[in-house]
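Please look at the aromatic side chains in the entry shown below. My notes on them come after it.

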Amino acid sequence: MRFAFGFAGAIAALLCTAILPAEAGQGDTLKAIRERGEVLCGAHPGRYGFAAPDDKGRWSGFEVDLCRALGAAIFGSGEKVRFVALSSQQRFPAIQAGEVDVLARNTTATLTRDTALGLNFSPPVFYTGLGFMVRKDAGVKTVEDLNGATICMAPGSTTEQAVARLFTQHGLKYTPIVIENNKELASAYVAGRCDALAKDRDALPGVRMYDAPQPEEHVILEGTFSKEPLALAVRHGDDQWYDIVKWVMYGLMEAEENKVSQANVDEMTKSKDPYVQDLLGVTGDYGPKLGLDKKWLYWVVRSVGNYGDIYERHFGDKTKLPLPRGHNKLWTEGGLLYGLPVK
């Protein structure tokens with residue numbers, strides 16, 4: 001009996017050792033990124049507040065900073081990222097073919113995209129939903145008033161599906177006008193080719209401010225008419241890279257919840273809170289479990305800030321496109337953002 005007990009204990013110990021490695025190996029994607037010296041990030045070619053290059057080719061925006069966070073986690077610098085502009089139709093073939101390492105391109109996480117398209121999604125980084133913009137003088141107040149309307153929208157998007165479902169539910173008719181190019185889509189609406197513009201609700205203020213010659217002549221209908229949880233996407237088949245993308249996003253949320261910001265991150269390395277010390281790599285070995293430096297999250301926050309810093313930079317009250325955080329608040333403040341614990 002003592003021999004049987006010892007043998008069983010030895011087998012259990014071997015199994016535990018086998019399934020609990022001390023730290024992660026280097027997957028193909030991380031290896032390629034390190035050899036290349038930069039992360040290839042698929043981005044929207046021009047969505048106000050989210051992603052756009054300036055006249056010198058410098059990218060900025062909410063999703064741009066999420067990609068810079070990945071560069072910082074790997075290289076200690078948010079500048080180690082190259083952005084690849086992708087249309088709605090181009091984005092999925094590009095990530096599937098390995099032309100980019102990650103998509104941060106206003107992409108809604110759905111079952112079909114997760115399975116049939118072979119993608120893995122990070123936790124949602126921005127909660128939004130279908131909205132409509134119309135001309136003020138059209139007298140449209142509700143979705144029902146759009147019966148028989150022509151509606152501009154992008155092809156290959158969940159917006160198409162959401163509009164079709166909404167109008168079917170309400171027994172309404174409409175004529176879709178689908179245009180791939182984002183600027184041409186906005187121009188078509190402004191020129192009067194359609195009665196309404198359908199987009200994620202949080203994209204509409206930018207179109208009204210920057211694309212409409214007279215912004216006050218356009219209104220955004222009350223209501224959000226679909227669920228569009230935007231998330232970063234990576235290819236199936238590289239669990240380590242998926243883990244890195246996922247945990248960098250959680251880390252941004254955890255940093256905000258624990259009041260670690262771009263402004264105070266160096267000071268917070270001296271915090272007496274053991275969890276904050278683990279987050280910033282003063283103690284613990286969580287970075288190596290991902291195949292990263294133990295100070296991975298320190299470099300992320302130092303480079304781009306926490307989630308709240310990023311949101312405030314692009315949608316805060318002092319920006320040209322202030323957006324209430326709403327569902328994009330932390331769970332502790334009544335929102336839906338819930339960073340899993342780094343431990």
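This is a predicted model: local features need pLDDT of at least 70, side-chain atom pairs count only at pLDDT 80 or more; totals for chains, interfaces and linings use all residues.

1. Residues are numbered from 1 along each chain as its sequence is written, and side-chain values use heavy atoms, with hydrogens and water left out.

2. Rings of Phe, Tyr and Trp (its six-membered ring) pair if their centres lie within 6.5 Å; planes under 30 degrees apart count as stacked, over 60 as edge-to-face and the rest as tilted. The count by this rule is 19 aromatic pairs. One of them is the tilted pair of F62 and F315, with 5.9 Å from centre to centre and 45 degrees between the planes.

3. F62 belongs to helix α3 (residues 62-75) and F315 to helix α14 (residues 307-315), so their pair ties together parts 253 residues apart in sequence. Helices here are DSSP runs (H or I, at least four residues), numbered from the N terminus.

4. Buried means under 20% relative accessible area, exposed over 50%, and partly exposed in between (1.4 Å probe, protein chains only). F62 is buried at 0%, and F315 is buried at 1%.

5. F62 and F315 also belong to one aromatic cluster, together with F50, F126, Y307 and Y311.

6. A charge sits over a ring if NZ of Lys or CZ of Arg is within 6 Å of the ring centre and within 35 degrees of the ring normal. R135 has its charged end over the ring of Y189, 4.6 Å from the centre. K295 has its charged end over the ring of Y298, 4.4 Å from the centre.

Methods. Helices (H or I, at least four residues) and strands (E, at least two) are DSSP runs, numbered from the N terminus.
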